[in-house]
Structure formats: structure tokens, C-alpha cells
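Please have the sequence and coordinates at hand.

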Amino acid sequence: MTERYDVLILGSGQAGNPLSSDFVKAGKRVALIERAEVAGTCINYGCTPTKTMVASAQRAWQVRHAGELGIEVDAMRVNMEQVRARKRKIVEQFRTSSEKRFASGQPELVRGEARFAGPKEIVVALKAGGERRLAAETIVINTGDSPTVPKIAGLKSVPHLDNVSLMELDAVPEHLLILGGGYEAVEFGQMFRRFGSAVTVIQRGKHLLGLEDVDVSEAVEAILREDGLTVRTESNAIRVGNKASAVTVHLEDGTSIAGSHLFVAVGRSPNTKELHLDAAGVATDAHGYIKVDEELHTNVPGIYAVGDVKGGPAFTHVSYDDYRILRDNLILDTKLGRKAKRKTTDRTAVYVVYMDPQLGRVGLTEAEARKSGRKIKVARMPVTSIARATETGESRGLLKAVVDAETEEILGAAILASEGGELMSMLELAMMGKLPYSTLENAVFAHPAYAESLNTLWGHFEE
């Protein structure tokens with residue numbers, strides 16, 4: 001028997017959860033289907049656990065370097081079991097809070113694996129056993145993505161870690177090898193170096209963080225090397241092997257690198273294979289990501305995709321904005337009679353890499369701005385020029401902003417600095433208000449705050 005609902009939501013991530021509640025408030029009968037933990041990747045395996053462990057690693061680094069500020073520390077030891085316990089406690093706290101929305105039974109939480117049986121019909125293989133058939137005119141896919149396992153000879157038979165299993169270690173690895181040079185590789189690499197591991201990053205590309213401008217990538221790499229990481233760029237892994245307690249990565253140039261643990265961080269793949277999207281006629285790209293338009297419609301009327309499963313920037317704040325787009329377009333516009341629709345093209349690209357110092361990024365890179373054909377100016381300033389940074393002993397990094405030479409409008413920025421994410425957010429607000437950079441240059445910020453850098457950055461335009 002097929003059970004009828006108004007709305008079915010597949011996946012309880014940062015878009016699916018609040019959307020399910022808003023549909024209920026709008027008087028709809030809603031079922032949310034979740035095969036794993038409520039609250040999705042961010043809370044269970046991504047942002048929350050990672051950043052709690054980054055904080056532990058940063059505290060360890062500060063203790064080790066306390067002598068630079070005249071504080072003598074006799075001994076320090078990293079207790080990974082306690083680091084892990086703290087991480088688990090915070091994750092449980094956040095997940096429990098998220099689960100409360102299902103306590104009343106509306107939205108109804110259905111635990112199991114979903115697959116399409118037709119354009120508007122879902123079969124759920126229940127976690128407790130058995131199946132249920134559910135149907136609805138509106139279906140939202142929010143199933144996220146998972147770590148990619150590359151096709152490297154020997155990898156299937158060699159024990160290796162992903163971001164989830166890496167955070168469950170109860171002891172500090174002796175030598176952590178990392179395949180990949182993206183955001184996860186940078187954050188986890190620095191983290192485990194600070195916990196006490198030897199760390200080698202093996203990156204196939206010419207630079208770490210390949211989407212960044214070259215000067216920003218080089219500054220990130222310099223900081224990691226200064227922290228004691230070994231960074232091997234332009235190094236293509238062709239084979240992996242293990243013997244006794246060692247894992248060995250063999251490179252295309254004939255060299256090899258041995259370590260105690262291997263962390264594979266070469267990217268993510270969409271969770272779409274199990275959905276049987278062909279049964280619904282939902283189109284995907286060559287990588288399996290669901291194709292959507294700027295209002296998050298798939299090619300099948302009434303079916304939408306939100307969050308990481310649709311491709312594009314895989315960030316929690318993007319997923320949450322996807323939720324707001326559907327909320328406004330499907331619920332609020334219907335109630336208020338609005339004609340204007342919210343779109344994904346309305347938002348600015350923004351994110352933070354939680355290395356130390358943080359890399360905050362907003363808007364266009366220099367390379368993107370030049371490619372657009374605009375006449376631009378670039379301001380670049382070392383963090384050593386910020387008084388507050390020197391006073392706190394956190395003076396590594398750089399500030400870089402790209403502006404329109406004719407309008408003085410800020411087009412984008414990369415802030416590699418202590419609290420770089422917060423400084424970047426100040427620039428984002430200026431960009432939202434279309435303020436010229438000269439407004440920040442002449443603003444009065446409290447001394448000696450990091451914000452004062454937004455007075456002085458504009459004095460560093462390059463000729």
C-alpha cells in the first residue's frame with residue numbers, strides 16, 4: 001500500500017531539517033527520510049566535529065609556543081581519547097537538539113534507505129526491517145555527498161582513513177600521509193601536526209587549494225611548512241601498498257613515501273547511486289550530481305535538490321541558503337502572493353578554511369576578476385602590518401582584496417589571518433551594501449582591533 005503525503009524530504013541535513021518543519025507549519029503532511037544520523041554531514045561528520053578538534057589542536061600549538069610570549073610551560077601531552085570524547089559530546093549535543101523537531105511526529109521521521117519507484121513515489125528500506133511506499137507531489141532531495149575513493153592501484157586492499165574515521169582515532173598517528181591538497185587536507189594536516197604527528201601532504205596539482213589565487217595558495221603552503229608539515233606538490237600517486245605497520249605511497253616520478261596512517265582526501269562524490277534516480281527520470285551530470293536550475297528545480301516537475309547532492313560549493317551555509325530559497329519560493333510566496341523568486345545566483349561565494357590562521361574568502365579571486373574583463377585594482381598587505389597581530393604574536397598571513405577600478409566597489413577578498421573569517425565577513429557586509437572601499441578606508445574602527453586593517457589595506461594597491 002502506498003502512503004500519501006504532501007511533501008517527502010530525503011535527508012535531514014542543513015536544508016532538509018528546517019524545510020520539513022516549515023512545510024508542517026504551512027499545514028502540509030511531511031515525511032523526512034534519513035538513512036543515517038539526523039542533522040546530516042555538518043553536525044555529525046563535518047563542521048562541528050572538525051572544528052572542535054581544530055580548537056584542541058590550536059590550544060596545543062599555543063601551549064607549545066607560549067614561551068614566545070614569556071610563559072614557560074614545563075610539559076604538555078595530547079590525550080587523543082579526551083580530544084575525541086569532547087568532540088563526541090558536542091556532536092551528540094547538537095544532534096539531540098536537531099532531533100527534537102521530530103518529537104511530535106510531524107514532520108514524521110522515517111529511518112531507512114530511500115529509492116525512487118517512479119517520479120513521485122519512494123520505497124524506503126526501513127532500518128528496523130521491511131519496506132514502506134510513500135508518495136507525494138513535492139519531493140526534496142537532500143542526500144549530500146561522501147568521500148571519494150580514487151582509483152589508485154592497491155588502495156582497496158590497504159587500510160586508509162576518511163574524514164570520519166580519522167576523527168575517531170584514539171592515539172596520535174606517528175606519520176600521517178594525506179592524499180589530496182584541498183580544504184580537508186589543509187585543515188586535518190595542520191591539526192594532526194599540532195597534535196604531534198609527522199605529516200606529509202601529497203598533492204597531484206601544482207598548488208594546494210587549487211581554486212585560490214597562486215599567491216594565496218603559496219602563503220598557505222608556507223605556513224604549513226613552517227608548522228613542520230612536508231608538502232609534496234605535483235606528486236601523482238599511482239600505487240599504494242602496506243607492509244607490517246607501514247603504508248607506502250608510490251609516486252609517478254619513481255619515489256615513494258612511507259607512513260603509519262593514510263588519509264584519503266581527494267574530494268567528494270554525491271549520494272545518488274542508491275536513489276535509483278532513473279526511475280523518476282531525474283537528470284544528473286557526468287559525476288552523478290543532480291542538475292538543478294537557479295530555483296533548485298530538477299528536470300522533473302515537483303522534484304527539487306538542495307545541498308551538496310546538487311554539486312557546486314559544498315558548504316553548510318550554501319545548504320542553508322538552499323533551504324531559504326525553497327522556503328520563500330514554495331511556502332512564503334504561496335501565502336503572500338509574491339511574484340519575485342529567490343535564486344541561487346543572488347548569493348555571494350563565501351567560505352572559511354579553518355586552518356590557523358584562518359583563510360576567509362568572499363567573492364571573486366583576482367584570476368576570476370581579470371577573466372571577467374573588468375578593470376581592477378588589487379590591494380595586498382602582510383598581516384605584519386596589523387598592530388593587533390604583532391601584539392598577540394599572530395602575525396602570519398596576508399590580506400588581499402580585488403576592487404573595480406572605476407566604481408571602487410569591492411569584488412572579492414582573501415583574508416589569511418587570525419580571525420580571517422570574521423574580517424572577511426566585514427568585507428562581505430560592505431559588498432552587500434555596495435560600499436566603495438574608500439568608505440572602509442575612512443571609517444573609524446576601535447584601536448587596536450583587527451578591523452583597523454580595513455583602514456590600511458587600501459594603502460597597498462599594486463601598481
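## Basis

This is a predicted model, in which local features need pLDDT of at least 70, side-chain atom pairs count only at pLDDT 80 or more, and totals for chains, interfaces and linings use all residues. Residues are numbered from 1 along each chain as its sequence is written, and side-chain values use heavy atoms, without hydrogens and water.

## Strands

Helices (H or I, at least four residues) and strands (E, at least two) are DSSP runs numbered from the N terminus; two strands pair if DSSP finds at least two bridges between them. Strand β6 (residues 131–135) runs parallel to β1 (residues 2–4), joined by three bridges. Thr2 stands opposite Arg133 of β6.

Strand β5 (residues 121–126) is antiparallel to β6, with five bridges, and Ala125 has Glu131 as its bridge partner. Four residues separate the strands of this hairpin, where Gly129 has a positive phi near 110 degrees.

## Cysteines

With a disulfide taken as a pair of cysteine sulfur atoms within 2.5 Å, the count is zero. Cys42 is buried at 13% relative accessible area, while Cys47 is partly exposed at 30% (buried is under 20%, exposed over 50%, partly exposed in between; 1.4 Å probe, protein chains only).

## Helix pair

The axes of α3 (residues 47–64) and α4 (residues 80–99) come within 9 Å and cross at roughly 145 degrees; axes are lines fitted to C-alpha atoms over the stretch in contact, with angles from 0 to 180 degrees between N-to-C directions. In contact (heavy atoms within 4.5 Å), residues of α3 including Thr48 and Met53 meet residues of α4 including Ile90 and Phe94.
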